[in-house]
Amino acid sequence: MIPVAYAVTLSAALLCIGVYGLLTQRNALRILVAVELVLNAANLNFAAFANYHGSMDGIAFTLFSIALAAAEAAVGLAILIHVYRHVRSVDVLKSTRLRW
Amino acid sequence: MNITPGRWRLLAFATALLLFAVLAGTFSGIEAWQDGGAGSADDLEGLVKALFEDHVVALEVLGILLTAAMIGALVIARPLLNPPDSAHYMTPSDDDVKAAQAAADPAKSTLGQVSRREAAEAAAAAAASAGAASTGTQGAGAVPGRREDE
């Protein structure tokens, strides 16, 4: 049995890679991928602790989270398509209409 | 404070590394997490019970949410009947941005670059002054990347 600390450490690494991507990337597609990494870090935690406690609730929450991530990705990509039609770019620094 | 993109990347890397160090240090110090635990989550009947008995409302709400997200994504990304009016949106060209960056105050910049709005405004001012010098008639109507009604 894999110690749960290993899974949680891997999840922390995924979280940190996602945070790094969120802080540095300007391409909106890469930002979406970074958000997915952060979400998958949470999913990994859910699965690891569900296995640790022998409960299936964590697995059910993981399925819910995956479905939420799918919905978020669908809407995010649709918004990206819309933005690209108007700005001709997915660089977040070029979309200045809603900037304060 | 002017932060160049390279410094910003380094700062982000340091932040991510610090976050990982804190989290990994915390996790490695918890003795109870050093083994695999008492249980095992490979019970398919338990998953079915969790999904369709304990959390059935959440499952139904999630189904509605997914359907709404799918319809919303289709509506947002549907083909446009008319092409977008280029005069209606701010899309400064790269030349506008470079010209504005050359003329802009670095203290106002974000990540070492001026914002696109500042770039468009600086390029517009330069174009307007050049146009006024040459013809004496052109004004704000020659502003690149700005809406006509602004």
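Modeller: Helices (H or I, at least four residues) and strands (E, at least two) are DSSP runs, numbered from the N terminus. In this predicted model, local features need pLDDT of at least 70 and side-chain atom pairs count only at pLDDT 80 or more, while totals for chains, interfaces and linings use all residues. Residues are numbered from 1 along each chain as its sequence is written, chains are lettered from A in the order in which they are written, and side-chain values use heavy atoms, with hydrogens and water left out.

Colleague: In which helix of chain B does B:Val75 lie?

Modeller: B:Val75 belongs to helix H3 (residues 56-76) of chain B. Chain B has five helices and zero strands.

Colleague: Why does B:Val75 count as partly exposed?

Modeller: Buried means under 20% relative accessible area, exposed over 50%, and partly exposed in between (1.4 Å probe, protein chains only). B:Val75 is partly exposed because its relative accessibility is 44%. Of the 150 residues of chain B, 21% are buried.

Colleague: How is the interface between chain A and chain B read?

Modeller: The size of an interface is often given as the accessible area lost when the parts come together. Here buried area is that loss (1.4 Å probe), summed over both parts. Chain A and chain B bury about 4400 Å² between them, with 70% of it on carbon and sulfur atoms. Helix H1 (4-24), helix H2 (28-53) and helix H3 (57-87) of chain A each give two or more residues to the side that touches chain B. The largest share of that side, 18 residues, comes from H3(A).

Conventions
Buried area = accessible area lost by both parts, 1.4 Å probe.
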